[in-house]
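Hi,

Here is the structure I promised to pass on to you.

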Amino acid sequence: MSKLFVCIGKKATTPYCVEAEHLRVYTIEELCYYICDNADLLDDGFMREGLADFVEQELALATLANELRQMMRYGGALHAFCGLILDHAGYLEKEQRRIIEGRMKENATLPLTERLKKQGDMYAQQKQYYKAQKAYRNLLLREDVRTDNAFMAEVYDSLGKVAVMMFQYKTAAYCFDKSCHFLEQRQVRGRYLLCMRFMMSKSQYMAWLSGHEEFYDLSVDVEREYEAAKEYAQQIMINKYNMAEPEELKEEFCRMVLE
């Protein structure tokens, strides 16, 4: 059962606008959700007088507003500022708040690009694959990322892994190939070959491979991994469900060969 929150304060008549996200916030609970969901991206620009005014005037939480203003006046850290809001709303358990604040402390010294990448990774770990794709794609649009070949390779590799988990093998193959365009890595190239193998029968794959002699050596390892993983996945499905239909094997198979 999902946790229930006792709402405090009023619902705003005029919402607080988070310009960077084109987002409108109407309650203290929505503000808390935004803080937790964007803990890896927030910076000191979040600490604004306008936010304190919104908390006081629209949410009728004068005590919290005064504490936020005091925090800004004396140069308080972002994690402490956000911690005040979460604590006042009773939004998270103490340990969960400690984790959120810890992430903010850790990210305080990181460049924005690394924070954006970290958020995409977090979404991927939580199986929020569409959000992860959006985060990675937004990164690829940034001018300060396009000049860093190693970072571009890393982002494309991450985007490819997410596409695999969504069974978008054509997209994944493109992303892994693109990653190797920026920085050739044997492991990533192996993922590319695995995606090509997923999309074709063995005979089709061998015909395709015959036109790519540069992959011959790697393809031996890839085929060995493919067969071993398929056999293992089949055994898992037999043991758990007494069945081994190809469609039922997909997700288990993808995890084993790409993690």
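**Lys127 and the loop it sits in**

Lys127 counts as exposed, at 52% relative accessibility; here buried means under 20% relative accessible area, exposed over 50%, and partly exposed in between, with a 1.4 Å probe and protein chains only. Lys127 is placed in the loop between H6 and H7. Helices (H or I, at least four residues) and strands (E, at least two) are DSSP runs, numbered from the N terminus. The phi of Lys127 is near 65 degrees, a positive value in a residue other than glycine. Most residues other than glycine have a negative phi.

Before going further, some notes on conventions. This is a predicted model, in which local features need pLDDT of at least 70 and side-chain atom pairs count only at pLDDT 80 or more, while totals for chains, interfaces and linings use all residues. Residues are numbered from 1 along each chain as its sequence is written, and side-chain values use heavy atoms, with hydrogens and water left out.

**The protein as a whole**

The secondary structure comes to 14 helices and two strands. Of the 259 residues in the protein, 45% are buried. Among contacts (heavy atoms within 4.5 Å) between residues at least 6 apart in sequence, 53% join residues at least 24 apart.

How do H6 and H7 pack? The axes of H6 (residues 112–125) and H7 (residues 129–140) come within 7 Å and cross at roughly 160 degrees, which makes H6 roughly antiparallel to H7. Axes are lines fitted to C-alpha atoms, for helices over the stretch in contact, and angles run from 0 to 180 degrees between N-to-C directions. Angles under 35 degrees count as roughly parallel, over 145 as roughly antiparallel, 65 to 115 as roughly perpendicular and the rest as oblique. H6 passes H7 in a left-handed crossing, meaning that the near helix is turned anticlockwise from the far one by less than a right angle (clockwise would be right-handed). Residues of H6 that meet H7 include Thr113, Leu116, Lys117 and Gly120, and their partners in H7 include Tyr129, Ala132, Tyr136 and Leu139.

Lys117, in helix H6, is buried, with a relative accessible area of 6%. Leaving aside its neighbours within four places in sequence, Lys117 is in contact with Tyr136, Leu139, Phe151, Glu154, Val155 and Ser158.

**The cores**

A nonpolar core is a set of buried Ala, Val, Leu, Ile, Met, Phe, Trp, Tyr and Cys residues joined through side-chain atoms within 4.5 Å. The largest one has 34 residues, and those with the most contacts inside it are Ile28, Ile35, Phe46, Phe81 and Ile85. Two or more residues each come from S1, H1, H2, H3, H4 and helix H5 (94–107). A second, separate core of 22 residues includes Ala163, Ala173, Cys180 and Leu193.

Ile85 touches Ile28, Leu31, Cys32, Ile35, Leu51, Leu64 and Leu68, not counting residues up to four places away in sequence.

The axes of H1 and H4 come within 10 Å and cross at roughly 135 degrees, so H1 is oblique to H4. This crossing, too, is left-handed. The contact is made by Ile28, Leu31, Cys32, Ile35 and Cys36 of H1 and Cys82, Ile85, Leu86 and Ala89 of H4.

In helix H2 (residues 49–57), the buried residues are Leu51, Ala52, Phe54 and Val55. Seen down the axis of H2, they fall within an arc of 160 degrees, so they line one face of the helix; the arc is that of the directions from the helix axis to the C-beta atoms. Their cover includes strand S1 (16–18), strand S2 (23–25), helix H1 (28–37), helix H3 (62–73) and helix H4 (78–89).

**Two more residues to look at**

Met152 is found in helix H9 (residues 149–165) and is buried, with a relative accessible area of 5%. Met152 touches Leu140, Val145, Arg146 and Phe182, not counting residues up to four places away in sequence.

Phe167 is found in the loop between H9 and helix H10 (169–182). Its phi is near 65 degrees, a positive value in a residue other than glycine, and Phe167 is partly exposed, with a relative accessible area of 36%.

Best wishes
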